[in-house]
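Subject: Handing over a structure

Hello,

Here is the structure I promised you. Please open it next to this email and follow along as you read.

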Amino acid sequence: MAVQRLISKFGLENHGIINIRKVHWNHNTPILYEDIVKNGEGMITHLGPIAVRTGLHTGRAAKDKFIVREGETGDKVWWGKVNKPFEPEKFEMMFRRLQAYLQGRDLYVQDCYAGYDPKYRLPVRVITETAWHSLFARNMFIQVPPEQLTELVPKFTIIHVPNFQAIPEVDGTNSEAFILLNLRRKLVLIGGTSYAGEIKKSIFTVMNFLLPQENVMSMHCSANVGPDNEVAIFFGLSGTGKTTLSADPNRKLIGDDEHGWSASGVFNFEGGCYAKIINLSQESEPEIYATTRQFGTILENVGYDIITRRLDLNDASLTENTRAAYPLSHIPNALRESMAGHPKNIIMLTADAFGVMPPISKMSPEQAMYHFISGYTAKVAGTEAGITEPQATFSACFGAPFMVLHPYRYAEILAEKIKKHDVACWLVNTGWSGGPFGVGKRMPIKYTRALVNAALEGRLKNSTFEEDPVFGVQVPNSCEGVPAEILKPRQTWSDKNAYDEKARYLAGLFKDNFSQFENEVPAALKKAGPREMARV
């Protein structure tokens with residue numbers, strides 16, 4: 001393949017980047033491997049994955065992300081704790097300093113797409129100062145056919161410079177790290193952090209801004225499709241089972257994290273997966289485990305023996321947030337075109353550490369909107385410093401850090417599509433049963449899988465349902481392969497009064513959280529939540 005075919009006619013000078021020593025255009029995986037090792041950026045481990053370290057930042061720097069507030073785009077953004085404004089003048093000053101920093105250096109460029117649906121896909125350019133971040137972009141985004149690279153013109157550009165640090169008192173940032181999103185300039189500047197997740201989540205944020213304006217639902221979810229081409233969507237925050245439950249050997253994986261839902265159906269935004277792999281086992285997640293033994297996979301902050309290069313997936317010495325970034329082709333049952341039809345089922349996942357929510361329940365469209373806007377799960381003791389008992393976490397749309405518009409806008413589109421395509425909506429608790437964390441036990445994955453499969457295959461329709469007296473959702477009385485007493489959480493508690501108290505407590509937390517949206521949602525939606533002071 002001639003190298004010239006990989007070089008875009010839309011050069012770096014179009015981004016104001018000049019006097020570069022060498023530009024590495026659209027290198028493939030083997031060439032990037034060679035450069036990663038030659039540059040001292042990482043090491044090849046047993047059976048072929050490349051292991052890298054991200055340094056200080058081993059996760060997203062949420063407090064360091066800003067959106068430039070200006071013009072028409074600024075009027076559409078849901079400003080607040082998540083979407084923090086940044087002054088246009090400060091952005092331009094930062095950009096000029098960054099342009100000066102890049103002169104005389106080597107740069108890596110990957111031209112790629114975000115979004116498999118040709119009607120909505122976004123041409124993206126990722127410019128990095130390291131080979132391994134270029135490989136990350138190649139893995140995570142959709143590769144452009146080589147013969148099209150010369151003519152490709154990016155519609156959004158990321159300039160990623162982890163070794164360039166901000167000066168907070170001068171630049172107006174929160175720290176030396178920064179993620180600056182300029183929607184008008186179609187430009188993202190990332191510096192001061194090597195955590196690769198910032199690259200993919202920046203473009204996800206962009207898609208969450210652009211697509212709803214075309215009435216396309218953008219979703220932080222996993223998705224798969226069954227043998228009869230019935231699609232399922234899994235919403236859920238970290239630790240709820242979104243990736244695990246969608247990786248089903250009997251169903252084809254569409255994607256594990258970012259999707260759109262257009263008039264044609266569900267489509268993946270990405271060309272790869274970015275899986276959390278701490279304590280990963282071959283028995284519990286064989287397909288994801290296999291990717292940690294394959295050439296092309298990037299392992300972030302994963303432990304390994306320096307001599308044998310064998311991995312230790314239980315090593316959390318650097319972080320609990322160890323990651324594997326690999327192309328979808330590494331998953332045997334992945335849907336290669338990553339597009340499918342309209343879903344028949346939507347699963348909303350929560351890991352309720354209070355132990356009071358049913359393991360599965362059916363929701364009305366209004367209840368689905370309520371729980372979608374709420375985005376509830378719970379953190380347990382030991383997950384973060386200072387947490388000694390379960391803490392409720394609410395993240396709007398199951399992905400608030402990446403939602404640029406008001407949550408109700410996403411919920412509104414979701415409700416339209418649920419109604420139009422007659423989608424069944426389920427709330428699944430992968431958390432605790434028989435008591436809260438420390439008393440009860442985590443719901444066995446085999447029961448959760450049985451319940452989810454029964455819902456997806458239509459077998460739960462044969463069950464009778466009862467309304468949960470606190471949360472108002474419909475709970476099945478039976479499910480093949482699952483003990484009947486597990487289905488009603490109150491029955492699993494030895495102290496029924498303690499259950500009642502904890503259930504009312506969680507209902508109150510839901511109500512308190514939802515109060516921030518009450519002035520902007522219909523009355524029917526306000527009534528779809530739990531009953532704060534219900535007596536059971």
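Start with strand E21, residues 323–327. This is a predicted model, so keep that in mind throughout. Of the 5 residues in E21, 5 are buried, so the strand is largely enclosed by the rest of the structure. Which way do its residues point? Arg323, Ala325 and Pro327 point one way. Ala324 and Tyr326 point the other way. Residues on both sides are buried.

E21 has two partners to look at. One is strand E17, residues 272–276. E17 and E21 run antiparallel, and 5 bridges join them. Find cysteine 273, and you will see that its bridge partner in E21 is tyrosine 326. The other partner is strand E18, residues 298–300. Here 3 bridges join E18 to E21, again antiparallel. Isoleucine 298 stands opposite alanine 325 of E21.

A reminder about sheets in general: strands pair through backbone hydrogen bonds, either parallel or antiparallel.

Now step back to the whole sheet. It is open and has 5 strands, in the order E2-E3-E18-E21-E17. The pairing is mixed. Which strands form the edges? They are E2 (42–44) and E17, and each pairs on one side only. From one strand to the next, the twist averages 20°.

Look at the E2 end next. E2 is joined to strand E3 (residues 50–52) by 3 bridges, and the two run antiparallel. Methionine 43 stands opposite alanine 51 in E3. Helix H1, residues 29–38, lies across E2 and E3. H1 runs at about 120° to E2.

Asparagine 301 is worth a click. It is found in the loop between E18 and strand E19 (303–304). Is asparagine 301 buried or exposed? Its relative accessibility is 2%, so it counts as buried; the cut-off for buried is under 20%. Leaving out residues up to four places away in sequence, asparagine 301 touches Val52, Arg53, Thr54, Thr58, Leu318, Thr319 and Thr322. Asparagine 301 and glutamine 491 are 190 residues apart along the chain, and their C-alpha atoms are separated by 43 Å.

Phenylalanine 235 is another one to find. It lies in strand E13, residues 231–235. Its relative accessibility is 0%, so phenylalanine 235 counts as buried. What does it contact, setting aside neighbours within four places in sequence? The list is Met219, His220, Cys221, Lys242, Ile346, Ile347, Met348, Leu349, Phe372 and Phe398. Compare its position with that of alanine 450. Phenylalanine 235 and alanine 450 are 215 residues apart in sequence and 18 Å apart in space, C-alpha to C-alpha.

Helix H10 covers residues 407–421, which makes 15 residues. Just after H10, aspartate 422 takes a positive phi of about 50°.

Helix H13 runs over residues 496–514 and has 19 residues. From its first C-alpha to its last, H13 reaches 27 Å, close to the 27 Å expected at 1.5 Å a residue. Its buried residues include Tyr499, Asp500, Ala503, Arg504 and Leu506. Further along H13, Ala507, Gly508, Phe510, Asn513 and Phe514 are buried too. What do the buried residues of H13 pack against? They pack against helix H9 (365–374), strand E24 (376–379), strand E25 (391–394) and helix H14 (523–526).

Last, the chain as a whole. The protein chain has 14 helices and 30 strands. Its radius of gyration is 23 Å, close to the 24 Å that the globule rule gives for 536 residues, so the chain is as compact as a globular protein of that length. Along its principal axes, the C-alpha trace spans about 70 × 55 × 45 Å. Of the 536 residues, 60% count as buried. Among contacts with a separation of 6 or more, residues 24 or more positions apart account for 72%. The chain exposes about 21600 Å², and carbon and sulfur atoms supply 49% of that.

Best wishes

Methods: Residues are numbered from 1 along each chain as its sequence is written. This is a predicted model: local features need pLDDT of at least 70, side-chain atom pairs count only at pLDDT 80 or more; totals for chains, interfaces and linings use all residues. Side-chain values use heavy atoms; hydrogens and water are left out. Helices (H or I, at least four residues) and strands (E, at least two) are DSSP runs, numbered from the N terminus. The expected span of a helix is 1.5 Å times one less than its number of residues. Buried means under 20% relative accessible area, exposed over 50%, partly exposed in between (1.4 Å probe, protein chains only). Two strands pair if DSSP finds at least two bridges between them. Axes are lines fitted to C-alpha atoms, for helices over the stretch in contact, and angles run from 0 to 180 degrees between N-to-C directions. Contact means heavy atoms within 4.5 Å. The radius of gyration is taken over C-alpha atoms; the globule rule is 2.2 Å times the number of residues to the power 0.38. Accessible areas come from the Shrake-Rupley method with a 1.4 Å probe; for residues, only the protein chains shown count as cover.
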